[in-house]
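Q: Hi! Could you walk me through this model with me asking as we go?

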Amino acid sequence: MNIDSLAEKYQLNKTESQILAYMNDHRVELKNLGIREIAKKSFVSTATIINMAKKMNFTGYSELVFYISEFNLNQERLEKHDVVAAYGEPFLGLLKKYQEKNIMILGSGFSQNLANYFAEYLNLYGFRATSNSHLEFLRKSHKDDVLLIFISNSGNTGRISELAEIAQTNELESICFVGSDQSAISKTSTLSISTNTYSPSSHQDYYPQLFFGTVLIQFELLMSYTLQNLR
């Protein structure tokens, strides 16, 4: 739990931040601790804790305890998920690096729909993202200003693959979501996240297209992890 972020969001004072930090540090036994015990350990009154809870839009102490306990339980579950365990830290590192810069998401066909969703999601949480192709962003002069995200089922999509190669040549960092980790785009990206669902048979009629749903789940899990740990 990011105490500093919560303190900023809810305008908590130093004392309230310390109370929240104490509760978070004792989250394992928190449900068995009463408000009077927390107040005593934090050297404050019970009224101070109740007011803090209401400041954070909770009805009272019990709801605050539930939030802290469930938040950390969900965090533990998230960290155990395969995609977060494999890609969580490098994904977080890149998103943090470009938090105040530009992010361009590129896809074609059905992948364009995912690109649009990614951009809307990122913008909602304060990133500067676009799913429109601005080729000037691929210039070497932007190598420290733009993060690229490529989405491709085959990982060899003609135009997207070309743009990925240009990005690599011009030393721009990139993340790719691809169906195969042996694909061309995967090999040119800074961070390659593969669903390993692509098959040459994917183009046959009625073949299940698992890539798009899997990528959406991967993105949601990685963004949840990132937003919880972003500083």
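Q: Which residues does I103 touch, leaving out those up to four places away in sequence?
A: I103 touches L95, Y98, L122, F127, R128, A129, T130, L147 and I149, where contact means heavy atoms within 4.5 Å. This is a predicted model: local features need pLDDT of at least 70, side-chain atom pairs count only at pLDDT 80 or more, and totals for chains, interfaces and linings use all residues. Residues are numbered from 1 along each chain as its sequence is written, and side-chain values use heavy atoms, with hydrogens and water left out.

Q: Thanks! How many residues are in the largest nonpolar core?
A: The largest nonpolar core has 33 residues, and those with the most contacts inside it are F91, I103, I105, F118, L122, I175 and F177. A nonpolar core here is a set of buried Ala, Val, Leu, Ile, Met, Phe, Trp, Tyr and Cys residues joined through side-chain atoms within 4.5 Å. Buried means under 20% relative accessible area, exposed over 50%, and partly exposed in between, with a 1.4 Å probe and protein chains only.

Q: And which elements give two or more residues to this core?
A: Those are α6 (82–97), β1 (102–106), α7, β3 (146–152), β4 (174–178), β5 (191–194) and α10. The labels are DSSP runs numbered from the N terminus: helices are H or I with at least four residues, strands are E with at least two. There is also a second, separate core of 23 residues, which includes I19, L20, I35 and L64.

Q: OK, helices now. At what angle do α7 and α10 pack?
A: Helix α7 (residues 110–124) and helix α10 (residues 211–229) pack at about 15 degrees, with their axes 11 Å apart. The axes are lines fitted to C-alpha atoms, for helices over the stretch in contact, and angles run from 0 to 180 degrees between N-to-C directions. So α7 and α10 are roughly parallel to each other; angles under 35 degrees count as roughly parallel, over 145 as roughly antiparallel, 65 to 115 as roughly perpendicular and the rest as oblique.

Q: Which residues make the contact?
A: From α7 they are F110, S111, L114, Y117, F118, Y121 and L122, and from α10 they are F211, F212, V215, L216, F219, E220, M223, S224 and L227. By class, that contact has 13 nonpolar, 2 polar and 1 charged. Ala, Val, Leu, Ile, Met, Phe, Trp, Tyr, Cys and Pro count as nonpolar, Asp, Glu, Lys and Arg as charged, and the others, Gly among them, as polar.

Q: You listed S224 there. Is S224 buried, exposed or partly exposed?
A: S224 counts as partly exposed, because its relative accessibility is 24%. S224 is also 9.6 Å from V84, C-alpha to C-alpha, although the two are 140 residues apart in sequence.

Q: What about S152, buried or exposed?
A: S152 sits in strand β3 and counts as buried, at 1% relative accessibility. Leaving aside neighbours within four places in sequence, S152 is in contact with S111, T157, F177, V178, G179, I185 and F211.

Q: Switching topic: where does Q11 lie?
A: Q11 is in the loop between α1 and α2. Q11 has a positive phi of about 55 degrees although it is not a glycine, and it counts as exposed at 58% relative accessibility.

Q: And what is phi of E171 near?
A: Phi of E171 is near 65 degrees, a positive value in a residue other than glycine. E171 lies in the loop between α8 (158–169) and β4 and is partly exposed, with a relative accessible area of 42%.
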